[in-house]
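Hello,

I am passing a structure on to you, with some notes on what turned up in it. Please open it first and keep it beside you while you read.

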Amino acid sequence: MPSGAPVARFAPSPTGYLHRGHAFSALTAAKAAEDRDGRFLLRIEDIDRLRCRPEYEDAIYEDLAWLGLSWETPVRRQSEHMDDYQAALARLRESGLVYRCFKTRAEVMAESSSAPHGPSETYVGAPLAKAEEDRRLAAGEPFAWRLSLSAARAMLGDRYDALSFVEEGEGPRGERGLIAADPAAAGDVIVARKDLGVAYHLAVVVDDALQEITLVVRGADLFDAVPTQRLLQTLLGLPAPTYRHHSILTGPDGKRYAKRDRAETLRAIRANGVSPAELCAELGFDERSFKPSG
Ligand code: GLU
């Protein structure tokens with residue numbers, strides 16, 4: 001692989017069947033890799049065991065192969081790498097960058113209800129006093145780990161204010177190029193959920209680094225996740241990938257496709273007799289540039 005060639009990934013969660021929007025994302029990542037002699041990786045984001053199902057994972061492989069895509073194997077499945085996430089969490093704990101949060105989602109929402117934008121899950125807090133924390137731990141109360149923005153700022157100093165990223169695609173407000181990353185809007189995010197021991201942001205930055213991803217391709221709905229992810233990368237000493245967010249595809253009714261829209265799943269499209277070539281063309285890709293599925 002030539003130096004500077006991208007390592008791009010498509011990272012779906014097997015919580016439903018893939019739809020047109022996923023096809024667009026996967027084709028964008030694969031084409032970005034192919035255009036510059038890079039690598040295309042698939043990652044199964046299945047930390048949430050209650051929402052993920054094996055049949056959806058099988059369908060991901062089947063649908064992407066039908067589209068004409070091929071990817072490197074073995075595929076990384078997040079559920080098989082909990083140790084990697086625990087190791088990263090341990091590092092954050094050792095550096096005093098995370099704190100236990102015993103609050104329920106409803107409590108967080110209620111506390112923020114008087115804020116100008118109304119109730120939200122955005123939260124900025126602090127560790128409990130030791131005696132109170134010990135009491136709750138002894139009582140077996142469940143807790144999440146939150147990343148402390150104030151501790152991160154204290155540790156990084158000027159580097160905190162200089163956090164940035166390169167956007168090769170476009171954010172939801174037309175953002176592109178070199179963009180300042182301010183993690184404040186997301187607050188003290190949860191890096192380890194009460195029920196799972198890890199959460200989305202932490203798993204993604206650990207995986208992107210371990211898989212040596214240099215190009216993160218995904219929908220613009222995840223654009224606002226970048227500042228938190230850049231902060232975590234910086235705190236953990238991980239490299240910064242380039243980002244390519246793409247606009248979210250919408251249906252004829254102007255609404256974005258969702259896994260619940262059965263008619264727009266790739267399997268339904270296929271069952272209706274649409275060929276992969278037709279779908280690729282409709283999405284703006286030339287299907288001939290991809291290897292046929294084997
Ligand atoms: N697994 C996430 C999803 O399916 C995507 C995560 C990412 O690309 O960072 O929405």
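Let's begin at the ligand: one of its nitrogen atoms has a polar side-chain atom of glutamate 45 at 2.6 Å, a polar contact being a pair of N or O atoms within 3.5 Å (within protein, one must be able to donate a hydrogen and the other to accept it, and residues adjacent in sequence count only if both atoms are side-chain atoms). An oxygen atom of the ligand lies 2.6 Å from a polar side-chain atom of arginine 9. For tyrosine 200, a side-chain N or O atom is 2.8 Å from an oxygen atom of the ligand. On its own the ligand has 300 Å² of accessible area, and the protein covers 79% of that (Shrake-Rupley method, 1.4 Å probe).

A word on the model: it is predicted, so local features need pLDDT of at least 70 and side-chain atom pairs count only at pLDDT 80 or more, while totals for chains, interfaces and linings use all residues. Residues are numbered from 1 along each chain as its sequence is written, and side-chain values use heavy atoms, leaving out hydrogens and water.

Elsewhere, have a look at glutamate 264, in the loop between strand E10 (242-246) and helix H10 (266-271); helices (H or I, at least four residues) and strands (E, at least two) are DSSP runs, numbered from the N terminus. The glutamate 264 side chain makes a polar contact of 2.7 Å with that of arginine 20. Leaving aside residues up to four places away in sequence, glutamate 264 touches His19, Arg20, Tyr257 and Ile269 (heavy atoms within 4.5 Å).

Enjoy exploring!
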